[in-house]
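Please look over the sequence and structure below before reading on.

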Amino acid sequence: MSHSNTQAQALIERFAATGQETCFHDRHINPQIYAGLNGANWRLKDYEARGGYAALRQMLGRDGAAPNAQTGVVGMTQDEVIAAVKASGLRGRGGAGFPTGLKWSFMPRQFPGQKYLVCNSDEGEPGTCKDRDILMFNPHVVIEGMAIAAYAMGISVGYNYIHGEIFGAYERFEEALEEARAAGFLGKGIMGSQFDFQLYAFHGFGAYICGEETALLESLEGKKGQPRFKPPFPASFGLYGKPTTINNTETFAAVPWIIRNGGQAYLECGKPNNGGTKIFSVSGDVERPGNYEVPMGTPFAKLLELAGGVRGGRQLKAVIPGGSSSPVIPGDLMMTLTMDYDSIAKEGGSMLGSGAVIVMDETRCMVKSLQRLSYFYMHESCGQCTPCREGTGWLWRMVDRIERGEGKPSDMALLDNVAENIMGRTICALGDAAAMPVRAMVKHFRHEFEHHIEHKKCVVAPYV
């Protein structure tokens with residue numbers, strides 16, 4: 001058994017020992033990315049047996065299909081690929097949810113110099129572990145998706161920036177790249193066509209801030225990972241000052257299915273404006289934590305059921321629906337929502353984000369929970385912007401003071417005021433990510449904070 005397979009087996013056994021099943025279970029609903037995975041079938045031959053690289057062949061006209069009756073072209077044009085992705089309703093799976101096809105259309109295809117394609121695999125959002133499983137157990141789907149994207153935008157060089165703390169995933173992706181190059185799916189004249197695409201892996205160093213696309217570019221260039229001012233945007237001034245398109249791992253992984261089956265079919269897998277499936281990393285107080293791939297628009301109640309329900313039959317208290325940076329939603333409201341960008345934002349007042357669903361039951365102290373979150377954002381601030389550098393420290397110290405029974409009544413208004421003065425006043429969204437959980441916790445669970453301040457102890461009994 002190779003070193004990489006040994007690592008994968010150890011990872012699976014570790015999760016099994018803790019009762020966490022990662023993505024290897026039969027409770028996905030119509031999966032596209034995780035379909036048929038068992039932890040060992042990640043090799044090129046396995047991927048091709050599942051229909052892998054058929055989309056790339058189809059796009060390049062290497063599948064034996066007849067020429068298009070209207071254009072006379074064998075395969076697909078760049079415009080046709082982008083049109084299919086637009087029609088699919090695929091939105092960025094990294095957090096922002098920006099329409100992918102529209103983003104691809106921003107790339108100046110006739111630019112005479114070098115252009116770049118970048119995959120953001122810097123998965124650092126607390127609660128998120130979906131991209132790691134894609135890279136470990138289905139890496140070729142990312143490679144194929146990136147090759148299709150590169151063709152659509154006329155790009156010849158790409159990089160996959162992988163989070164530094166999942167080095168095993170980086171090694172696995174390197175092995176998959178070697179297989180793809182040897183088989184002619186990467187390099188010059190792919191499958192005998194005029195299309196050239198070179199793809200490289202790059203591992204980061206574990207900084208949360210490098211999940212922000214321009215900080216990622218700075219790190220990729222060998223500099224300190226700090227966000228850039230925008231504009232200019234990466235589509236005009238990105239990696240090495242050249243036009244660059246950046247998408248998340250899961251976004252690229254969705255593309256081969258769209259090309260094989262059509263944009264409309266993908267859209268119909270989800271709901272209007274929210275096409276396809278989405279992988280949700282469900283953690284916290286559930287019986288069966290893990291990654292679940294379900295169609296967009298699936299009711300949260302169904303997702304909770306797939307994860308075995310709330311642990312121990314307790315009451316659902318709150319849910320953080322899209323990673324720690326998304327505002328908390330009270331449990332009773334969350335049970336009425338569906339898992340898509342529009343429902344979570346318009347009805348829940350939060351964000352779908354990365355799809356990290358953190359479930360909290362009735363035993364959870366919300367002050368304690370916010371204390372932990374605030375410490376994380378204070379620690380991960382790059383320090384470039386004063387409101388974030390100083391404000392995140394203020395937020396943590398105030399919440400920590402309240403948690404330790406030393407809070408003052410005036411802290412409630414001050415917490416909200418500091419959070420408000422951080423939001424919208426920083427170069428990147430980390431300041432907002434630190435402030436939004438604070439404002440939401442105080443809004444929905446104000447009585448717990450007031451109880452801590454007045455009684456010098458937690459309202460939850462027994463304290464956990």
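The sections below describe a predicted model.

## Nonpolar cores

The largest nonpolar core has 64 residues, and the members that touch the most others are Leu56, Trp104, Val142 and Phe197. Helix H7, which spans residues 139–153, gives this core its largest share, 11 residues. Another core lies apart from it and holds 29 residues, including Ala318, Cys365, Leu395 and Cys458.

Setting aside neighbours within four places in sequence, Phe197 is in contact with Leu117, Met146, Ala147, Ala150, Ile155, Ser156, Val157, Gly158, Leu186, Gly187 and Ile190.

## Thr22

Thr22 sits in the loop that runs between helix H1 (3–17) and helix H2 (44–49). Its relative accessible area is 5%, under the 20% cut-off, so Thr22 counts as buried. A polar contact of 2.2 Å joins the side chain of Thr22 to the side chain of Asp133.

## Cavity

One cavity of 30 Å³ or more is present in the structure. The largest cavity contains about 70 Å³ of space. Its lining is made up of 13 residues, with Cys382, Cys385, Cys388, Cys428 and Leu430 nearest the centre. Eight residues of this lining are nonpolar and five are polar, while none is charged.

## Largest pocket

The largest pocket holds about 1300 Å³ of space. It is lined by 45 residues, of which Gly94, Gly95, Ala96, Gly211 and Glu213 are the closest to its centre. Two or more lining residues come from each of helix H5 (100–105), helix H6 (130–137), strand E4 (244–248) and helix H18 (430–444).

Strand E4 provides the largest share of the lining of the largest pocket, five residues. By class, the lining of this pocket comprises 16 nonpolar, 18 polar and 11 charged residues.

## Second largest pocket

About 470 Å³ of space is found in the second largest pocket. Among its 19 lining residues, Ile358, Lys368, Ser369, Arg372 and Leu373 are the closest to the centre.

Strand E11 (356–361) and helix H15 (366–380) each contribute at least two residues to the lining of the second largest pocket. The largest share, eight residues, belongs to H15. The lining of this pocket divides into 10 nonpolar, four polar and five charged residues.

How values were computed. Residues numbered from 1 in each chain as written. Predicted model: local features only at pLDDT ≥ 70, side-chain atom pairs only at ≥ 80, totals over all residues. Heavy atoms only, no water. Core = buried A, V, L, I, M, F, W, Y, C linked by side-chain atoms within 4.5 Å. Buried < 20%, exposed > 50% of the residue type's maximum accessible area, 1.4 Å probe, protein only. Helix = DSSP H or I, 4+ residues; strand = E, 2+ residues; numbered from the N terminus. Contact = heavy atoms within 4.5 Å. Polar contact = N/O pair within 3.5 Å; in protein donor to acceptor, adjacent residues only side chain to side chain. 1 Å grid on protein atoms, 1.4 Å probe; cavity = no way out; pocket = protein on both sides within 12 Å on 5 of 7 lines; lining within 4 Å. Points joined across faces, edges and corners; volume = space filled by probe spheres on them. Nonpolar A, V, L, I, M, F, W, Y, C, P; charged D, E, K, R; others polar.
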